[in-house]
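Here is a quick tour for anyone opening this structure for the first time. Keep the picture beside you as you read.

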Amino acid sequence: MSVDRVSGIGLAALALLVLEETWRQRLPLGSVATPGPAYLPGLLALLLLGAGVAVAALGGGGPRAASLDWREWRHSVAIFVACAFGAFALERLGYRLTVFAALTFLVGGVERKPIAATVVFAAALALGTFWLFDTLLRVPLPRGPFGF
Amino acid sequence: MLDVLSNLALGFSVALSPPVLFYAFIGCVIGTLVGVLPGVGPLAGISLLLPATFGMDATRAIVMLAGIYYGAMYGGSTTSILMRIPGEAASVMTCIDGYAMARKGRAGAALAIAAVGSYVAGTASVIGLMVMAPPLARIALRFGPPEQLALLLLGLLVLAYMSSGSMLKALAMAALGLLLGTIGIDQMTGYMRYAYGVVELGDGLGVVPVAVGLFGVAEILATAGAPTPPAVIKPKLSELLPSREEWRQAAWPIGRGTVLGFVIGILPGSAHIIASFVSYAVEKRVSRRPQEFGHGAVAGVAGPESANNSATSGAFVPMLALGVPSGPIPAVMLAALMVHGVAPGPLLIGNQPALFWGFIASMYVGNVMLLILNLPLVGLFVNILRVPYPYLYPAVLIFSILGVYAVNASVVDVWIMLVMGVLGYVLRKLDFETAPIVLGVVLAPLIELSLRQSLAMSDGRYTIFIEHRIAAALLAFGLALVLLNLYTFARRGLDWRARMALAEKGDSS
């Protein structure tokens, strides 16, 4: 199956999901003259459905979906995990510890850089950005359970 | 005209006084810093520093806040060009060609063109503000909800029409962006839409997490693990400034971006963001080599950067002349003026000439200051590219998380950025452009509100869009673009955009 066909089907499925969700949340549709909160989302979902169907219908001749290169997926997953950890731990561990841990994982674990360079880099960035934003620019950043 | 010149002389006597000059400088420095840091845009910067101005007199306060505003516009281009992370939403379009120029070793040239374009646009638009403020403000007042809706729809259609690849795919992305923009509390009825109990989603998806995710995080997900990750670039001193040919390519886009940005800036809405999108689309359309867009076209940097800076001054027109803010940033500035006992509006120029003309003159001074500040820093900023990618991308990720978190102090925004990063990564693989999604997220609340206001005005009759001549003309233009695209498709099967997309695929295979 072609890339466009796969993406067209994906978009159409997403549109159907939005329509189903709009109906499930019982958002009032209103009328053509007085649109309700579900009116524009419904209209846009129908537009997306139409576009998805059209992309799928017209996109049969492009490159095959199987030919897509996903070789970097392990790296991408590792980066995503580091970011997800950052989002999860930011307000639990505090900014400095979270950033230090995420950078150590990325630079030392994923990129396999020397441990000393990793620790210095992670510590400098964690402390330096905290000083720049929190201390200098007065942007409040979360502190951990030990006030760090 | 003589009146204007004598008033301007009064303004310069205020703006060039050492204390005002000092606060303009402080504003410009903070603004540049705020713009360079991803996520912390001009609105956050101004809001954070507003209380610090309470002890100042009105002129110094407004001069400093204005310095932050256009300093952030200048600075926003830096991370877009060097790291493909929009410093603020108006820099999204600069990411595309600015980053491509950086990867070609032309980062210095891109930064210099952005700085000079911003300077030219900033200065020219101040002249526009000075001369045309009152009449333009009256025209802007004729833009009611029907005209605004027509303009917003036209903006989306222009962007879809000009995008590389198929218009259909661009429209699908715009629809997806608009759908994402409907998440949150419905402004008219208070219903919560698609929030799943997450209170933070009540305000909708922020533009910053969406833009940083779709551009910055998606770029890192796609390139960090590639068999050949981006090479370290070691720019030579001679490569830091644009060549004569690059200046030539930038000249007209800067001119067009200035005019376009100023006009759009006057209109209500997120003008500086829309102006940069429309400018990019226009440059691509008028270019003799549209195939270069997305691969480091000079016009793709010069046009949008000029437009968003010009729109900054344009936004001051209705604020100063009528006391009507055209967006959230002028609204905060308006509040700052009112805190100091100044009531902007038609009487401001007559009642407080020193403040009004001092403010205008400080904008000239601020633009010169920003150019002097930014051009020498080009060499410094470009050195970021010397950092090996295994160290650079983790740092960029941390700045992205930090910047996105800092806007609302909300972890939910960081999660939104991550989800958008994955979405952008997948869409990139599937050959979709993600810029229309960002524009959709910006425009959805405006479109919905103006549609419903228009219908409320007309008692539910859609003929209001025909009865209002400006709205009708804008809609007719949009319809013509769609028909033109359909006609081209039916007649030739492939138009220049599709041929270009095919050529790109051929190049990459």
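## Before we start

Two residues are in contact when heavy atoms of theirs lie within 4.5 Å. Also keep in mind that this is a predicted model.

## Chain B at a glance

Let's begin with chain B, which has 22 helices and two strands. Of its 509 residues, 63% are buried. Take the contacts in chain B between residues at least 6 apart in sequence: 79% of them join residues at least 24 apart.

## The nonpolar cores

Which residues touch the most other members of the largest nonpolar core? In this core of 70 residues, they are Ile79(A) and Tyr95(A) from chain A, along with Ile81(B), Ile220(B), Tyr393(B) and Leu397(B) from chain B. Helix H17 of chain B (residues 389-408) gives the largest share of the core, 13 residues. There's also a second, separate core of 68 residues, and Val18(A), Met93(B), Phe215(B) and Phe465(B) are among its members.

Now zoom in on Tyr95(A). Leaving aside neighbours within four places in sequence, Tyr95(A) is in contact with Leu90(A), Ala126(A), Thr129(A), Phe130(A), Leu141(A) and Pro142(A), and also with Ile398(B) and Leu402(B).

## Where H4(A) meets H17(B)

The crossing between H4(A) and H17(B) is right-handed.

On the H4(A) side, the residues that meet H17(B) include Tyr95(A), Val99(A), Leu103(A) and Val110(A). Their partners in H17(B) include Pro390(B), Tyr393(B), Leu397(B) and Leu402(B).

## Helix H2 of chain A

Last stop: helix H2 of chain A, residues 39-58. It has 20 residues and reaches 28 Å from first C-alpha to last, close to the 28 Å expected at 1.5 Å a residue. Buried residues in H2(A) include Tyr39(A), Leu44(A), Leu48(A), Gly52(A) and Val55(A).

What covers the buried residues of H2(A)? The cover includes helix H1 (3-24) of chain A, plus helix H8 (167-181), strand E2 (192-193) and helix H19 (435-457) of chain B.

Note on methods: Residues numbered from 1 in each chain as written. Chains lettered and ligands numbered in written order. Predicted model: local features only at pLDDT ≥ 70, side-chain atom pairs only at ≥ 80, totals over all residues. Heavy atoms only, no water. Core = buried A, V, L, I, M, F, W, Y, C linked by side-chain atoms within 4.5 Å. Buried < 20%, exposed > 50% of the residue type's maximum accessible area, 1.4 Å probe, protein only. Helix = DSSP H or I, 4+ residues; strand = E, 2+ residues; numbered from the N terminus. Left-handed = near helix turned anticlockwise from the far one by under 90°. Expected span 1.5 Å × (residues − 1).
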